[in-house]
Amino acid sequence: REFVTHGITSEERGGIGEPPQGLGVLGWLQRLQEPLRLSDLSQHPRSVGFPAHHPSMKTFLGVPIGHGDEALGNLYLTEKRGADEFTEGDELTIDAIAAQAGVAIENVHLLRDAQRREEALRMSNQELENFTYAVSHDLQTPLRGIHGFADLLLKRIRAGLEPRELHYVERIHAGARRMAEMVNDLLEYSRIE
């Protein structure tokens, strides 16, 4: 939604007033989606709505800027210096420039989309890391208790336990140690960039 001028004075630019709204030739050019070359713009039926102080224009060459089926804007020239009108060669050149502009604009859109997705992914990863840290911390506390009490049981009453009971306590002790290792591994995994 930007209107850029080049090759006219600031007074002439001021005479244009508000940027074109695409109601006349420029709007038609946008809908037409193909180059428009006119030897006398003022004679075209859609040549309407120019402000009173608008610089005079006779010759006109306009091409739509687009990418795929998406219309992105117009590139147009008026008043070719040193000639009565724009040529087919001029049209081909400006059409090629407009096509490249369309690709460049689309690339900017793709880059912005990629940056938004990257930021969303970064935030999601940060949330995952925070969640994993909280969960691992919450899991480690009861695991330390289970491991510690199993360790105490093994040290204090190892001799008084039957082999089957000793086996159960050793399994509790080993399971708590393995679970603590897995929680620590999960925490490390969440920190991988």
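Buried means under 20% relative accessible area, exposed over 50%, and partly exposed in between, with a 1.4 Å probe and protein chains only. By that scale Glu-188, at 48% relative accessibility, counts as partly exposed. The model is predicted, so local features need pLDDT of at least 70 and side-chain atom pairs count only at pLDDT 80 or more, while totals for chains, interfaces and linings use all residues. Residues are numbered from 1 along each chain as its sequence is written, and side-chain values use heavy atoms, with hydrogens and water left out. Helices (H or I, at least four residues) and strands (E, at least two) are DSSP runs, numbered from the N terminus.

**Helix 3 against helix 4**

- Helix 3 covers residues 88–157, and helix 4 covers residues 163–190.
- The two helices, helix 3 and helix 4, pack at an angle of about 160°, and their axes are 9 Å apart. That angle makes helix 3 roughly antiparallel to helix 4. By class, the contact between helix 3 and helix 4 has 16 nonpolar, 7 polar and 4 charged residues.
- The crossing of helix 3 and helix 4 is left-handed.
- The axes here are lines fitted to C-alpha atoms, for helices over the stretch in contact, and angles run from 0 to 180 degrees between N-to-C directions. Angles under 35 degrees count as roughly parallel, over 145 as roughly antiparallel, 65 to 115 as roughly perpendicular, and the rest as oblique.
- A crossing is left-handed if the near helix is turned anticlockwise from the far one by less than a right angle, and right-handed if clockwise.
- For the residue classes, Ala, Val, Leu, Ile, Met, Phe, Trp, Tyr, Cys and Pro count as nonpolar, Asp, Glu, Lys and Arg as charged, and the others, Gly among them, as polar.

**Residues in helix 4**

- His-173 is found in helix 4 and is buried, with a relative accessible area of 15%.
- Not counting residues up to four places away in sequence, His-173 touches His-147, Ala-150, Asp-151 and Leu-154; contact means heavy atoms within 4.5 Å.
- Glu-188 also lies in helix 4.

**Residues in helix 3**

- Asp-151, one of the residues touched by His-173, sits in helix 3. Asp-151 is partly exposed, with a relative accessible area of 24%.
- Asp-151 and Glu-165 are 14 residues apart in sequence and 14 Å apart in space, C-alpha to C-alpha.
- Asp-90 is found in helix 3, and its side chain reaches the backbone nitrogen of Thr-87 at 2.8 Å. A polar contact is a pair of N or O atoms within 3.5 Å; within protein, one must be able to donate a hydrogen and the other to accept it, and residues adjacent in sequence count only if both atoms are side-chain atoms.
- Leaving aside neighbours within four places in sequence, Asp-90 is in contact with Leu-61 and Lys-80.
- Arg-112 is found in helix 3 and counts as partly exposed at 47% relative accessibility. The C-alpha atoms of Arg-112 and Arg-156 are separated by 65 Å, the residues being 44 apart along the chain.

**Helix 2 and its cover**

- Helix 2 runs over residues 25–32, and Val-25, Leu-26, Gly-27 and Leu-29 in it are buried.
- The cover over the buried residues of helix 2 includes strand 1 (36–38), strand 2 (60–67) and strand 3 (70–78).

**Positive phi in loops**

- Just after helix 2, Gln-33 takes a positive phi of about 55°, although Gln-33 is not a glycine.
- Gln-33 lies in the loop between helix 2 and strand 1 and counts as partly exposed at 36% relative accessibility.
- Glu-79 has a positive phi of about 55° and is likewise not a glycine. Glu-79 is placed in the loop between strand 3 and helix 3 and is partly exposed, with a relative accessible area of 36%.

**Helix 1**

- Glu-11 is found in helix 1, residues 10–16, and is exposed, with a relative accessible area of 70%.
- Glu-11 and His-147 are 136 residues apart in sequence and 84 Å apart in space, C-alpha to C-alpha.
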